[in-house]
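Reader: Could you walk me through one part of this model up close? I'd like the sheet and the aromatic rings around it.

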Amino acid sequence: MVSADRGGWQCRGLGWRVWGKARLHGGWRELKEEAGIDVPHQDVEKVADLEFTFEGEKTLMHVHVFLAQAFTGTPTESEEMRPRWFSVDELPFSDMWPDDHMWLPVVLRGGKVRAAFHFRGHNDILSQRVEEVDAFT
């Protein structure tokens, strides 16, 4: 988890805007640049597909969440993040984005999730759809 500029913690840590097959390559680059770690490409699996919309805005955020089973290097603080480890049963959900508690536990127990959230501002969820899926096509 990384500290967020909103004063709490988030699991969405590192991000990038890249379309198509370059998405994963952009992610590996960002992990190295922003966190100081390398992830073996064969150890990465897509575990969540999340969509976020916001009342009164045309913006659609489509977030692909990948899970890495291993990494090399030492996570280091950067302008983008301040890493901190939490045990799974002590995640600070009250300090995280309000949707995280709806989908992250599924991922952490080995499942995959497709979800959509509609917000008022960035803290009030007006509607949500969360479903566990077997695979992504």
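Author: First, the ground rules: two strands pair if DSSP finds at least two bridges between them, while strands (E, at least two residues) and helices (H or I, at least four) are DSSP runs numbered from the N terminus. This is a predicted model, where local features need pLDDT of at least 70, side-chain atom pairs count only at pLDDT 80 or more, and totals for chains, interfaces and linings use all residues. Residues are numbered from 1 along each chain as its sequence is written, and side-chain values use heavy atoms, with hydrogens and water left out.

Now the sheet: it's open, with 4 strands in the order S5-S4-S7-S8 and mixed pairing. Strands S5 (60-68) and S8 (124-133) each have a single partner strand, so one side of each lacks a neighbour in the sheet. Strands S4 (residues 44-54) and S7 (residues 112-120) run parallel, joined by 7 bridges; Ala 48 has Val 113 in S7 as its bridge partner.

On to the rings, which pair if the centres of Phe, Tyr or Trp rings (six-membered for Trp) lie within 6.5 Å; planes under 30 degrees apart are stacked, over 60 edge-to-face, the rest tilted. That gives 4 aromatic pairs. Phe 52 and Phe 117 are stacked, because their ring centres are 5.6 Å apart and their planes at 20 degrees. Phe 52 sits in S4 and Phe 117 in S7, so the pair ties together parts 65 residues apart in sequence. Ring pairs also link Phe 52, Phe 54, Phe 117 and Phe 119 into a cluster.
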